[in-house]
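Please read this briefing alongside the sequence and the 3D structure.

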Amino acid sequence: MIVMKFGGTSVMDATAIERTAQIVKGRLPRHPVVVVSAMSGVTDALLKAGKAAGEGQREQALEQARSLRQRHHATAKELVGSAQIVDLLAEVDREFDTLDELLKGIVAVGELSPRSSDYVVSYGERLNSRIITEAYKARGIRSVLVDARKVIITDSQHGKAIPQADEIEHRAKNLVRPLLDDGQVPILGGFIGATEHGVQTTIGRGGSDYSAALIGSGLDAEAIEIWTDVDGMMTTDPRICPDARRIRVISFEEAAELAYFGAKVLHPATVLPAVQKNIPVLVLNSLNPSNEGTLIVGRAPKSKSTFKAIAAKRRITIVDVVAARMLGAHGFLKAIFDVFDKHQCSIDVVSTSEVSVSLTVDSNEAIPAIAADLEKIADVKYAGRNAIICLVGENIRETPQIAAQVFAALGEINVRMISQGASEINITFVIGEDDVLEAMRRLHKAFFTEVDPEAFD
Ligand code: ADP
Ligand code: ASP
Ligand code: MG
């Protein structure tokens with residue numbers, strides 16, 4: 001069996017969904033399980049609706065829901081014939097009626113809890129998986145909807161719940177496998193899950209990739225296909241550099257670094273369940289399905305190019321901790337890290353000097369509180385609007401003078417922090433957010449104008 005995951009842009013409207021139906025049809029002999037995202041933009045709209053409700057803006061919240069209802073209605077009508085449409089629209093309406101009630105409830109309580117937010121946002125994947133199941137049936141595919149909340153079991157950290165792999169494997173084998181054995185095509189919404197007690201959760205933005213990998217790993221899939229709107233993993237974000245090239249094969253480790261440092265094409269955690277079972281992951285283009293895409297495997301073949309790709313992660317805050325007296329002292333770094341840990345804030349890049357430690361974190365609301373805690377042990381400064389640039393490639397290990405070439409390519413662009421290279425396959429540094437576009441273009445030009453044609457398209 002294989003897992004096919006279609007991201008938001010691949011299922012954004014009736015035409016796009018129709019396209020995926022044809023792609024799935026072509027793979028029926030491989031026994032696909034299909035994982036779908038919400039239509040593009042829907043998750044953001046639901047989050048906005050929830051936020052508006054939490055702030056007491058009843059009309060804005062209900063207006064968002066109304067326009068989403070219309071969009072789902074229109075899509076369903078275009079895809080499903082007259083015999084089935086009445087039932088489907090009635091069901092869509094029932095779901096939207098409960099969403100309206102939920103939003104009114106949030107207005108009444110005057111607060112959007114993380115638990116309610118997960119509930120609100122789950123409508124995107126729930127509704128789309130329902131509509132897509134019906135659309136596939138109408139096209140002769142024996143599709144069957146599986147409630148992802150019965151399979152993707154997580155802990156209760158709302159918004160970024162941690163999936164419980166063993167339980168998911170157990171559920172996938174019991175609930176999904178028999179459908180495949182019966183020749184049906186199971187369809188699940190990505191991104192959503194539930195605790196063992198049935199409380200709804202979500203597994204982080206972009207999490208449908210992760211859902212696909214968890215199911216693929218639970219069922220020992222032959223392959224996991226991540227269908228998106230570009231030809232695969234590219235040397236950089238094609239929206240930044242139109243001359244970005246397709247990477248033919250990339251290693252799990254390289255893909256994970258890239259995903260973590262901002263290559264939005266893949267959710268960072270996706271690769272892990274797949275790596276553990278050595279399942280190949282393919283990134284493919286639903287707008288250009290005959291393209292080979294990018295294959296992610298345990299060990300990538302040797303290429304002559306030093307780098308595979310460049311990624312940028314924006315919205316980074318640099319925190320400088322200065323303590324002339326304490327730095328050498330035993331336990332000082334631990335005390336600093338404990339503060340970040342207490343606020344459940346993960347650190348990306350660390351660099352230390354004689355008297356200071358600089359760290360980067362994703363910008364978030366907890367930073368003033370973190371700084372206040374750190375001030376109990378040291379002097380603290382922090383500055384937002386930074387970005388991490390990360391160049392990735394297995395060959396970095398073997399290439400001398402590589403950092404010098406990178407900094408030469410950057411020219412006068414001011415580098416604010418350089419990482420200490422814990423991973424041998426990336427070079428990571430921090431610049432101001434305003435310099436990102438220029439830095440990416442310069443680096444891409446310097447390192448990807450002439451590349452190994454066997455490694456890149
Ligand atoms: P989906 O809706 O399919 O999940 P995403 O928007 O999450 O799609 O990811 C696909 C987008 O990722 C592309 O449209 C592209 O702009 C962006 N992207 C960023 N970095 C890269 C990269 N290195 N390779 C390919 N796409 C990238
Ligand atoms: N719909 C969710 C999001 O936009 C999950 C996903 O698309 O992967 O984050
Ligand atoms: Mg995505």
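Contact here means heavy atoms within 4.5 Å. Helices (H or I, at least four residues) and strands (E, at least two) are DSSP runs, numbered from the N terminus. This is a predicted model, in which local features need pLDDT of at least 70 and side-chain atom pairs count only at pLDDT 80 or more, while totals for chains, interfaces and linings use all residues. Residues are numbered from 1 along each chain as its sequence is written, chains are lettered from A and ligands numbered from 1 in the order in which they are written, and side-chain values use heavy atoms, with hydrogens and water left out.

**Helix 2 and helix 4**

- In helix 2, L46, A49, G50, A53 and G54 meet L99, L103, I106 and V107 of helix 4.
- By class, this contact has 7 nonpolar, 2 polar and no charged residues; Ala, Val, Leu, Ile, Met, Phe, Trp, Tyr, Cys and Pro count as nonpolar, Asp, Glu, Lys and Arg as charged, and the others, Gly among them, as polar.
- The axes of helix 2 and helix 4 cross at roughly 35° and come within 7 Å; axes are lines fitted to C-alpha atoms, for helices over the stretch in contact, and angles run from 0 to 180 degrees between N-to-C directions.

**Salt bridges**

- Side chains of opposite charge can pair when their charged atoms come close.
- The structure holds 38 salt bridges, each being a side-chain nitrogen of Lys or Arg within 4 Å of a carboxyl oxygen of Asp or Glu.
- One of them joins R205 to D44, with the closest N and O atoms 3.0 Å apart.
- That pair links distant parts of the chain, 161 residues apart: R205 is in the loop between strand 6 (200-202) and helix 8 (208-218), and D44 is in helix 2 (residues 42-54).
- R69 pairs with D97, the closest N and O atoms being 2.8 Å apart.
- R69 lies in helix 3 (residues 58-79) and D97 in helix 4 (residues 82-109), 28 residues apart.
- E59 and R58 form a salt bridge with closest N and O atoms 3.9 Å apart.
- A network of salt bridges links R27, R30, E222 and E225.

**Burial**

- Buried means under 20% relative accessible area, exposed over 50%, and partly exposed in between (1.4 Å probe, protein chains only).
- D44 is partly exposed at 44%.
- E59, at 45%, is partly exposed, and R58, at 39%, is partly exposed.
- Helix 9 (residues 252-260) has F252, E254, A255, E257, L258 and A259 buried.
- After helix 9 comes G262, with a positive phi near 110°.
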